[in-house]
Amino acid sequence: MALQRNPNVTASEIDGELFLVEPLSNEIFYLNPISTGLWRLLETPQEHPGLISTLQAAFPDQPGDQIAADVTDLLAAMQAAGLIRQDR
C-alpha cells in the first residue's frame, strides 16, 4: 500500500526549516532535512520501497541498509504521530 500525507496536517516553513502541526493533538513537529525530503516526496502517494530507493540514490555514499532502516523507522514514527497514513 502507498503512503501519503495526512491532508489535515498543516506545514509551515520558517527560515528554511519545515514544521508540521497535527490537528487532533495540535502537536508541532520539526522536520530535519531527511524528514523534510520524505514529506516532500509524499506530496503524491508513494510506496515504501520506492522511498527507500529514492533516498539511496540521493545519498550513494551512505550504506544502503542504513538508509533503509532509517527510512523505515522515520515512516513508522510519522505514521504513529498521524502525519502520514496508508493510502486506501
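Residues are numbered from 1 along each chain as its sequence is written, and side-chain values use heavy atoms, with hydrogens and water left out. Because the model is predicted, local features need pLDDT of at least 70 and side-chain atom pairs count only at pLDDT 80 or more, while totals for chains, interfaces and linings use all residues.

Helices (H or I, at least four residues) and strands (E, at least two) are DSSP runs, numbered from the N terminus. Two strands are said to pair if DSSP finds at least two bridges between them. Strands of a sheet pair through backbone hydrogen bonds, either parallel or antiparallel. An open sheet of 3 strands, with antiparallel pairing, has the order β5-β1-β6. Its edge strands, β5 (46-47) and β6 (84-86), each pair on one side only. Strand β1 (residues 2-5) is joined to β5 in the antiparallel sense over 2 bridges, and alanine 2 stands opposite glutamate 47 in β5.

Contact means heavy atoms within 4.5 Å. Not counting residues up to four places away in sequence, alanine 2 touches Pro45, Gln46, Glu47, Arg85, Gln86 and Asp87. Alanine 2 and arginine 85 are 83 residues apart along the chain, and their C-alpha atoms are separated by 8.5 Å. Glutamine 4 also has its place in strand β1 and is buried, with a relative accessible area of 17%. With residues up to four places away in sequence left out, glutamine 4 touches Leu42, Pro45, Ile84, Arg85 and Asp87.

Strand β2 (residues 10-14) is joined to β3 by 5 bridges, and the two run antiparallel. Serine 12 has phenylalanine 19 in β3 as its bridge partner. β2 and β3 form a hairpin with 2 residues between them. β3 and β4 likewise pair in the antiparallel sense, over 5 bridges, and leucine 20 stands opposite phenylalanine 29 in β4. The hairpin formed by β3 and β4 has 4 residues between the strands.

Each of these two turns holds a residue with a positive phi. Most residues other than glycine have a negative phi, and most peptide bonds are trans. Aspartate 15 is not a glycine but has a positive phi of about 50°. This aspartate 15 lies in the loop between β2 and β3 and counts as exposed at 79% relative accessibility. Asparagine 26, also not a glycine, has a positive phi of about 60°. Asparagine 26 is found in the loop between β3 and β4, and is exposed, with a relative accessible area of 58%.

In soluble globular proteins, nonpolar side chains tend to be buried together. A nonpolar core is a set of buried Ala, Val, Leu, Ile, Met, Phe, Trp, Tyr and Cys residues joined through side-chain atoms within 4.5 Å. The largest nonpolar core has 18 residues, and those with the most contacts inside it are Leu20, Trp39, Val71, Leu75 and Leu83. At least two residues of this core are supplied by each of β3 (17-22), β4 (27-31), α1 (33-41), α2 (48-58) and α3. The largest share of the core, 4 residues, comes from α3. Leucine 75 touches Leu3, Leu38, Leu42, His48, Leu51 and Ile84, not counting residues up to four places away in sequence.

On a 1 Å grid over the protein atoms alone, a cavity is a set of points where a 1.4 Å probe fits but cannot get out, and a pocket is an open set with protein on both sides within 12 Å along at least five of seven lines; lining residues have an atom within 4 Å of a point. Grid points are joined across faces, edges and corners, and a volume is the space filled by probe spheres set on the points. The largest pocket holds about 180 Å³ of space. Its lining consists of Ile34, Leu55, Phe59, Gln62, Pro63, Gln66, Ile67, Asp70, Val71 and Leu74. Helix α3 (residues 64-80) gives the largest share of this lining, 5 residues. The lining divides into 7 nonpolar, 2 polar and 1 charged residues, where Ala, Val, Leu, Ile, Met, Phe, Trp, Tyr, Cys and Pro count as nonpolar, Asp, Glu, Lys and Arg as charged, and the others, Gly among them, as polar. Proline 63, one of the lining residues, is found in the loop between α2 and α3 and is partly exposed, with a relative accessible area of 46%.

Methods
Buried means under 20% relative accessible area, exposed over 50%, partly exposed in between (1.4 Å probe, protein chains only).
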